[in-house]
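Please read the following note alongside the sequence and the model. It is written for a reader who is new to protein structure.

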Amino acid sequence: MLTHALLLLTLVAPDARLIDTISVDAVMGHLRAFQSIADRHGGNRAAGLPGYDASADYVAARLREAGYTVELQPFTFEFFREIRPALLKGRRAFKGVTTLRFSGSGDVTGRPVGAGDGCQAADFGRAARRAVGVVSRGSCSFRVKAEHAARAGVAALVVANQRGEQGTFKGSLVVPQRLPVVGVSHEAGRQVLRQGGVRVVTRTRTDRRTTRNVIAQTAATSPGRVVMAGAHLDSVPEGPGINDNASGSAALLELAIRLGRTTPERPVRFAWWGAEEQGLIGSKHYVARLSERQRERIEVYLNFDMIGSPNHTYAIFDGDDSDKKGAKAGPPGSARAERYFQRYFDARGLPHHGTDFKGNSDYDPFLKAGIAVGGLFTGAGDLKTAEEARRYGGTAGRAKDPCYHEACDKLANVNEKVLEATSNAMAHVVSKYAWPRT
């Protein structure tokens, strides 16, 4: 006669095995659907634009077909779009100028005035009034720099990259600003300060729009705590966002479809977030509206943002702060999520390393709410080091995703072998939480 524990294991183990392997061909099928959506809607799937709405409709339709009741959670946000590329001109026009997200729109000519890193109000003296402020990147947020500049009466702000960093950069001011704010390379910043006068031109638009998160939850045999898995569904306006982040969205969707054929022991809640690229707005909205009891019921939130990078590494969020870098350990339970991922990669002989909680993806609102977090990341615009190339292959000195936030982030930008490994790691770890006794 079977013992009670063995009987339970016999009953739940078959279901668990159903989701422990995901077909990368099925995931690629969803990616092709997202690419087609972008192709039909101006080349992108950005929140607040038709491509995102069509993407949300696609996910919701596939979930309903799999038997889920789908929640489309609406929220409003400040929609920003660059209408025309920025211009920065002195005796000549500078190249590689970027408009920081939520920059104001304007055409300003003034004398350039250096203001250090712009992190203190005192950095902008009286001479900065009606001038073009020039500050260095780093030490504080772009928003802080812009707000200090605006209060000092600066007409426009130029943010120069840090010494030792190549090229220019992209960034967000988080909230709409009145003055034009652009980014340039470190060398261009030095050259701007040598001009007698410079012209800064930005053409942007910000307005209030409504979009949606897509949320669905499985049935369960036990009313225990919920495991959540999420990925952001939106792209940047510049491109279709197939690695960033249709890769995570597609893998999550295929996992949800497979889970729809089972009844896990613990409930699994899936979320596709809107407006992540506008400042994690969808996930912030969701977490902010959870009651204390609802927060306590979430055992862990697992985040999957960019999981098919072409020049990849396998980065696992450092839940226990064993790397001793940057942020501290995640909330209690985060170390467990890290161990599950580590053991998966170890068992398959795949290299991996820890990555810090930098607050730049949808895990951040959960972390700040005291909910355990974990997840995977295969790299963005950061350059692969020689050591990483030795361990993972690929090309040192090249971005892990050379098409990060660019129009070329299409199907060809996804490494299918990497996507297969990360999709199956996702399925394995979710199943460990959904069937805790297997």
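The points below take up the confidence of the model, then its strands and one of its helices.

1. This is a predicted model, in which local features need pLDDT of at least 70 and side-chain atom pairs count only at pLDDT 80 or more, while totals for chains, interfaces and linings use all residues. Residues are numbered from 1 along each chain as its sequence is written, and side-chain values use heavy atoms, with hydrogens and water left out.

2. The predictor's confidence in each residue is given as pLDDT, from 0 to 100. The chain has a mean pLDDT of 93, and 95% of its residues reach 70 or more. Over residues 1-14, however, pLDDT stays under 50, and the model has 8 contacts beyond four places in sequence for this stretch. A contact means heavy atoms within 4.5 Å.

3. Helices (H or I, at least four residues) and strands (E, at least two) are DSSP runs numbered from the N terminus; two strands pair if DSSP finds at least two bridges between them. An open sheet is formed by 5 strands in the order 2-7-6-5-4, with mixed pairing. Strand 2 (98-99) and strand 4 (112-114) each have a single partner strand, so one side of each edge strand is left without a neighbour in the sheet.

4. Within this sheet, strand 6 (residues 156-160) runs parallel to strand 7 (residues 181-184), and 4 bridges link them. Leu-157 has Val-181 in strand 7 as its bridge partner. Helix 4 (residues 142-151) packs on the sheet and touches strand 5 (132-136), strand 6 and strand 7. The direction of helix 4 makes about 145° with that of strand 6; axes are lines fitted to C-alpha atoms, for helices over the stretch in contact, and angles run from 0 to 180 degrees between N-to-C directions.

5. Strand 8 (residues 198-217) is joined to strand 1 (residues 70-89) by 17 bridges, in the antiparallel sense. Strand 8 also pairs antiparallel with strand 3 (residues 106-110) over 5 bridges, and 4 bridges join strand 8 to strand 10 (residues 268-273), again antiparallel. Val-200 of strand 8 stands opposite Leu-88 and is also the bridge partner of Val-108.
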